[in-house]
Amino acid sequence: MDSPTLVVLAGPTAVGKGTVVRALLQHHPQVVLSVSATTRAPRPGEVDGTHYHFLSPQAFDELIATGGMLEWALVHGRHKYGTPREPVERALNEGRPVLLEIDLAGARQVRKSFPDALFVFLAPPSWEELERRLIGRGTEDAAERERRLETAKTEMAAKDEFDVIVINDDLDQAVSKLAELMGLS
């Protein structure tokens, strides 16, 4: 059986998705990490096409209307974020492995377009460890941490919707398992 070329990675806040993805890309630069689009303005240091595709609200809405988004959401009632379809399909047509690092709602949307993709849920070793990691980041105030933990409960409850659950208790092991699932090792 061929390994899937499209892998969707999701998991709760502070589980370490970004850390796992960065480590995977260091070891496997042939993997195409999808670059999301957003309607928000670039932050200092962000580069269009590298960090995000920065689009006007009109351009984003046109992509939605024409089926040009694999998934999208309105975040915090302000800005839209999503995964443009064309770069993903182009990389897949070139035979390159593609990784989407997205949230639960996005993963559910992608399943409609790519039911044969491999859906991987990155889980913490325990709820307590997830809380510790979120607090340890020091990037959110108490109210935001509580909001994120409430969302994480919903995300954790959906883990059985995924094809594979990878426990992120050891970075190297999590990266190796993801590489194996992608047919890279």
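**Close-up views**

**View 1. Tyr52, Phe54 and Tyr81 form one aromatic cluster.** Rings of Phe, Tyr and Trp (its six-membered ring) pair if their centres lie within 6.5 Å; planes under 30 degrees apart count as stacked, over 60 as edge-to-face and the rest as tilted. The structure is a predicted model, in which local features need pLDDT of at least 70 and side-chain atom pairs count only at pLDDT 80 or more, while totals for chains, interfaces and linings use all residues. Residues are numbered from 1 along each chain as its sequence is written, and side-chain values use heavy atoms, with hydrogens and water left out. Three aromatic pairs are present in the structure. One of them joins tyrosine 52 and phenylalanine 54 in a tilted arrangement, 5.9 Å centre to centre with 55 degrees between the planes. Tyrosine 52 also pairs with tyrosine 81, here edge-to-face, at 5.8 Å centre to centre and 65 degrees between the planes. This second pair links distant parts of the chain: tyrosine 52 is in the loop between strand 3 and strand 4, tyrosine 81 is in strand 6, and 29 residues separate them. Helices (H or I, at least four residues) and strands (E, at least two) are DSSP runs, numbered from the N terminus.

View 2. Phenylalanine 54 counts as buried because its relative accessibility is 16%; buried means under 20% relative accessible area, exposed over 50%, partly exposed in between (1.4 Å probe, protein chains only). Leaving aside residues up to four places away in sequence, phenylalanine 54 touches Thr38, Arg40, Ala41, Pro42, Glu46, Val47 and Asp48, where contact means heavy atoms within 4.5 Å. Valine 31 lies 23 residues from phenylalanine 54 along the chain, and the C-alpha atoms of the two are separated by 22 Å.

**View 3. An open sheet of four strands has the order 4-3-6-5 and mixed pairing.** Two strands pair if DSSP finds at least two bridges between them. Strand 4 and strand 5 are the edge strands, each pairing on one side only. Strand 3 and strand 4 run parallel and are joined by two bridges; threonine 38 has phenylalanine 54 as its bridge partner in strand 4. Strand 3 (residues 37-38) runs antiparallel to strand 6 (residues 79-84), and two bridges join them. At this pairing, alanine 37 stands opposite glycine 82 of strand 6. Six bridges connect strand 5 (residues 69-75) with strand 6 in the antiparallel sense. Here tyrosine 81 in strand 6 is the bridge partner of alanine 73. Strand 5 and strand 6 make a hairpin with three residues between the strands, in which histidine 76 takes a positive phi near 55 degrees.

**View 4. Strand 7 pairs with strand 1 and with strand 2.** Strand 1 (residues 6-10) and strand 7 (residues 98-101) run parallel, joined by four bridges. Valine 7 has leucine 99 of strand 7 as its bridge partner. Strand 2 (residues 32-33) is also parallel to strand 7, over two bridges, and valine 32 has valine 98 of strand 7 as its bridge partner.

**View 5. Alanine 14 lies in the loop between strand 1 and helix 1.** The phi angle of alanine 14 is near 65 degrees, a positive value in a residue other than glycine. Alanine 14 counts as buried because its relative accessibility is 12%.

**View 6. Strand 8 (residues 118-123) pairs with strand 9 in the parallel sense.** Four bridges connect the two strands, and leucine 122 has valine 166 of strand 9 as its bridge partner.

**View 7. Arginine 111 lies over the face of phenylalanine 119.** The distance from the ring centre is 3.9 Å. A charge sits over a ring if NZ of Lys or CZ of Arg is within 6 Å of the ring centre and within 35 degrees of the ring normal.
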